[in-house]
Amino acid sequence: MVSDNLKVGVFICKCGGNISDVIDIERVKESIDADVIEEYTNLCSINGRKIIRDKVIGDELDRVVIAACSTQSHLKTFQAYVQPLNPYLMDMANIREQCSWVHSTTDDDFNQKATDKVITLINASIGKVSKSEPVDPIVVQTPNSAAVVGGGISGMSAALSLGKQGIKTYLIEESPSIGGHMAKIGKVFSPVKIAEECGLCLLNPVLNDVVWNENIEVMTNSKVVKANRRAGSFNLLVETKPRYVDSEKCLSCGDCVDVCDKLIPNDWNDGLTNRKAIYKPFAQCYPDSYVIDIDNCDKCGDCKRECKMDAISFRRENEMIPLEVGSVILATGHKLFDPDLRPEYGYSRFKDVITQSELGRILGVNGPTKGKFQCLSNGEVPKNVVMIQCVGSRDDTPNGHKYCSKVCCMVALKNANIIKHKYPDTNIIICYTDIRTPGMFEKYYKHAQASGIRLVRGRPGEVGKKDGHLVVRVEDTVKREFKELDADMVVLSTAIEPSEGTNEIAKIFDVSQSEDNFIKEANPKIKPVTTDIQGAFVAGTAQDPKDITDSILQATASASKVSEIVSNGIEIEPFIADVDYEICDLCGECIEVCKYKSMSIEKDRIFIDPMSCSGCGNCIAKCDKNAISINGNIDEMIFSTIDGILKDKKPGEKRIIAFLDDIGYTAADNIGINRLSYPESIHIIKVISVNRVMPKHIIHALKTGADGIFIGEYPGDLLYDEIEHNMKKIRREIEMNNMNPERLAFSKVYIPYFSGLARKFIEFDSKIDEINDLAK
Amino acid sequence: MKQIPDKNILLFKSCLVSIEYPGVESSTTFVFDKIGVDYFVSREQTCCTGLGHYSDVFDQFTTTVNGARHFALSHKLNRPNFAMMCATCYAINKRVANLLNENDELRDSVNDVFDDCGFEWMKYEKDDITSRENIFHVIDIFYSKRKEIAENIKYDFSDFKIATHHGCHYCKAHYHDTIEGVRNPHIIDDVVNACGVETVGWYDFKRATCGNGFSQRFVHKDLSMDATNDKFKSLKDKNTEILIHLCPNCHIQFDRYQPYMEKHYGEKLDIINLNIAQFLAIAMGADPYNVVGIQTHTVPVEPLFDRLKLLSDEDKKMIIENVSRKVDLDNSADFNMEADTIKVDFKKGAK
């Protein structure tokens, strides 16, 4: 099997009896055909290293097989011990977790069947290394830079953390100032102090730190219009709109504003006030200068003539700025649900039906009423306020969102508390679906109740007008009675939904979105900041509804993730796809079929991003021209491993091959670690992806003596559905080769559910017995 | 917007229409003929069971077997597109179609009944009829034919205060199929609008029930009448003269019970009730008695005719132009029916 000119060394580890108590090592040594065969008590020890190295160098070994524990425990160790041999010319036969630990029960001195299996496993490894090629691990170094898209509290926090770690950071904000929603929120809730704090006072130091950090470049009036990813870096194209006011020259004197006669609704006050066409977004904005809203400007030139600093010029054009960065953090935030989509609440019909955001502005000292709490219709302090929760949230009717927006309960309680403290005579009723105040917020909720805020459980049906004032019609579902609540002001707690910027940026970066159009994390449980695009992270309300504290947490977490990549680069297994450009005709089929989004066309060539390619081989199958291959000769290696397993198969003996990927292999190790058992007939081959096991491999194995093939796949794998679907085709092919298609088994595998995998091995083994009996 | 058919239509007879307001059916066929809708009314049709079903007389299985029979009938007649005059027929048959398509076990049981009775031709196969593509309310068809409606208008209603009431079983039972607003229903307003008339639009309790509630009117009469009263009060606040609806149940509640309400609450109402088909028929010049059947109404409809004016050619031309523009706008992409408040302003000749 091994070509004559390749010298193979086999090193067998006794593992202090863990292996040698069950396996007859002497018989193994006698049965193996190799140039060097050594055994040692602890191969992983420093002495073991000496033995291996001496033989590799002294006997000029070309290939090495280590028969010991699982790759999970010591792959890196032995890859280092075989140096100067290329680490990928060494293979480990797992004779502990997947052999001696699962077949230990025996009356003899040694378990003979398990000993046979060890010989088979070593032969399989010899087969595998005989076809392996030297490859070098790929280390991708990323530039020491990052782009943060979105200049709200999440984006600023992320940028600040990156800047402080010495990473060059571009903070890209579409509007004329950084600050985001937090700048206009007014007071923010603070559960521990049971008090409300000034949002801007908390935001300002962060904003100043961002501005003064020399590693951060703030780009306002700018948006990412294009993004390309190449190994470890992103090429971005940023479009910057002119401010028409030179920030360097502008002294913020405001003389220009007085002469401008255009009036435009001011978004910073939720349109409750007007601003001029030349304006400053808010007092503490950055850059601290005026800006012209060119869409609403008639270019009369009055402001230009008025400006003593000559800072204004209308002859400016959009600028396209290319950036190359190592990573990106998407912090593009949210917008609020359109209250007109719930016409029954009369947002457009009644002036005194407002949103919580507008109430925040009305209560803000820098807001339209200078902090005076009043009805918009008549300027009087409302006596009765009714708040309606879940407007657009927890709503499965058309246009609604099924999710809970998470912060609205606290926002309503906060605004209610502020009102109650300043205006104790005002009655406040909050109509809620459920009050959700987890953790410390529960205290805040109790505090609100104690201050006399009333709560009615029920989702109001509509807001009407009766005898000159508003009425909110609601069923009190606790008392089970219909109520008509009088109100001078009705406040709608509108849902948080992804901003337009979030939708746009998801498309530009090709990151997946959840069913609700938020940016989706790679794994919502354990990878809360990574996206399915390597090197792109998400923070804040772009990912799901959350409060300021959670946004900052996620922002700093994503900054750490960027720092990990910047500091160490990314080491990648080298078994990735490779394109022969001579043959490739750029049909693009491979791009379509790649579930890992690692392929693209750049400069008239297929570009494969090594960071995201998993080596699954899906593209190989799709490529009509056979222009794609996977580094490392994996196809041949699978064949020769199969041949190794089936070598010297005795009549009546049963050999089943189980192909498992990383997850399945770890689950199989867990069977051994927990000392469960399964039949000796099961021989496990580890593959990069079970997708690499082709019909030809399976047919070959069955034809050359395998009694059964077991394929295990983790259902969370991107390729799972496809592989499951392919099984039908392969079974048909087996049938066409006059073999029983039931000899192929396919199963889901999970790391913690190792006992299930053991059971499936046992079941499959007895099923093969039945099939074999039938065949006789 | 979903595709609304104008051919191969089975105009589904309604018990309440036939018994209480037969003019609704004759008005519907009158209007259908004018606006070019291909329909047929079958004598083989029965009740949908709706009234009985909601009063706990017929169970869902009986209703489903009955519905499946109608579906088979529609295929036999090659008229698989149902147009309902009654919101309850609409909701009941949509539900039956969904059940038959989604519940294999139920479908088998229904087919067993047909086998037992020797009615093999009635057996239902999955997706023979789909709720969204085959079952419509007459209002849907009117809505899709607004341009044709505008072209056939003879009389000017623009001096009347007209309000609309959208039946619960049209808006609230299958809201994914409802056209022009669930939370702010305005499909009748849009059709009335196509006759060059501005409606009252939104009024307090617009979305609320008429109060009928099938058995509720009899077992919880106070509750039922209170709900009707809420609506009447609000309509009165808006000085409503004509109330237009799309369901005979609502029609009975507002028309037959109006004298009772007036007596009970001590207030004169005088709100004329018309089904949308009756309204269109009058606007198109139908005979008030032979076609519209106003003699069957409790609240007299006659006063309306004293004030009705013929539409001038000039006004008609403007209406046709404006409606055409509005229909094209509605059919354009990205149009949000729920948030729509755009109306054609006729008198000012809006551009």
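## A four-stranded sheet in chain A

Let's start with the open sheet of 4 strands in chain A of this predicted model: its order is S2-S1-S3-S4, and the pairing is parallel. Strands (E, at least two residues) and helices (H or I, at least four) are DSSP runs, numbered from the N terminus, and two strands pair if DSSP finds at least two bridges between them. S2 (36–40) and S4 (90–94) of chain A sit at the edges with a single partner strand each, so one side of each has no neighbour in the sheet. On average, neighbouring strands here are turned by 20° against each other, direction ignored.

Strand S1 (residues 8–13) of chain A pairs with S2(A) in the parallel sense over 5 bridges. Within S2(A), A:Val36 is the residue opposite A:Gly9.

## Helices against the sheet

Helix H2 (residues 46–58) of chain A packs on this sheet, touching S1, S2 and S3 (63–68) of chain A; contact means heavy atoms within 4.5 Å. Its direction makes about 170° with that of S2(A). For such angles, axes are lines fitted to C-alpha atoms (for helices, over the stretch in contact), and values run from 0 to 180 degrees between N-to-C directions.

Then there's helix H3 (residues 71–81) of chain A, which lies across S3 and S4 of chain A and runs at about 150° to S4(A).

## Aromatic pairs

Over all chains, a search of the whole structure turns up 24 aromatic pairs. Rings of Phe, Tyr and Trp (its six-membered ring) pair if their centres lie within 6.5 Å; planes under 30 degrees apart are stacked, over 60 edge-to-face, the rest tilted. B:Phe32 and B:Phe142 make an edge-to-face pair, 5.8 Å centre to centre with 75° between the planes. B:Phe32 is in helix H2 (residues 23–35) of chain B and B:Phe142 in helix H8 (residues 138–144) of chain B, 110 residues apart. Both B:Phe32 and B:Phe142 are buried (under 20% relative accessible area; exposed is over 50%, partly exposed in between, with a 1.4 Å probe and protein chains only).

B:Tyr54 and B:Phe214 form a tilted pair, at 4.9 Å and 35°. B:Tyr54 is partly exposed at 30% relative accessible area, while B:Phe214, at 12%, counts as buried.

## How to read the numbers

Residues count from 1 along each chain as its sequence is written, and chains are lettered from A and ligands numbered from 1 in the order written. In this predicted model, local features need pLDDT of at least 70 and side-chain atom pairs count only at pLDDT 80 or more, while totals for chains, interfaces and linings use all residues; side-chain values use heavy atoms, leaving out hydrogens and water.
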